[in-house]
Amino acid sequence: MNKLYKTPVITSIVMLFLALFDLPVGYFTLLRIIVCGTAVYFVFIAKEIKKLIWVWAMGFIAILFNPFIPIHLDRGMWSLIDIIVSVIFFAGIFA
């Protein structure tokens, strides 16, 4: 993956780790927009290089973080999801 593709992914990873702290609600709305957008972007890249498992994984992440129809979970569950998604994004950089 070249540097242009890595920028939104790295931005999302950093934002996901920052979400583990107590931040205002507006941050989490922005997080949903950024992570959903990055996942959709990743879907198109994965589809182009024919990595079907990544298409499905990123599609699921995009649905989970979509800002239009939010999924409401408790803080502990979102913290776990944030860590898992950041690890998936990090692995996606090298896949």
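A residue counts as exposed when its relative accessible area is over 50%, and as buried when that area is under 20%, with partly exposed in between. The model shown here is predicted.

Select Phe-94 to begin. Its relative accessibility is 62%, so Phe-94 counts as exposed. The structure contains 5 aromatic pairs. In the pair of Phe-90 and Phe-94, the ring centres are 5.2 Å apart and the planes meet at 75°, so the arrangement is edge-to-face.

Next, select Ser-86, also in helix H4. Is this residue buried or exposed? With a relative accessible area of 2%, Ser-86 is buried. A polar atom of the Ser-86 side chain lies 2.7 Å from the backbone oxygen of Ile-83. Leaving aside residues up to four places away in sequence, Ser-86 touches Ile-13, Leu-16 and Phe-17.

Now display helix H3, residues 52–64, together with helix H4, residues 75–94. Their axes lie 12 Å apart, and the helices pack at an angle of about 145°. The crossing of H3 past H4 is left-handed. On the H3 side, select Trp-54, Met-58, Ile-61 and Leu-64; their partners in H4 include Trp-78, Ile-81, Val-85 and Phe-89. The residues of this contact comprise 10 nonpolar, 1 polar and no charged.

Terms used. Residues numbered from 1 in each chain as written. Predicted model: local features only at pLDDT ≥ 70, side-chain atom pairs only at ≥ 80, totals over all residues. Heavy atoms only, no water. Axes fitted to C-alpha atoms, helices over the stretch in contact; angles between N-to-C directions. Helix = DSSP H or I, 4+ residues; strand = E, 2+ residues; numbered from the N terminus. Left-handed = near helix turned anticlockwise from the far one by under 90°. Contact = heavy atoms within 4.5 Å. Nonpolar A, V, L, I, M, F, W, Y, C, P; charged D, E, K, R; others polar. Buried < 20%, exposed > 50% of the residue type's maximum accessible area, 1.4 Å probe, protein only. Polar contact = N/O pair within 3.5 Å; in protein donor to acceptor, adjacent residues only side chain to side chain. Phe/Tyr/Trp six-rings, centres within 6.5 Å; stacked < 30°, edge-to-face > 60°.
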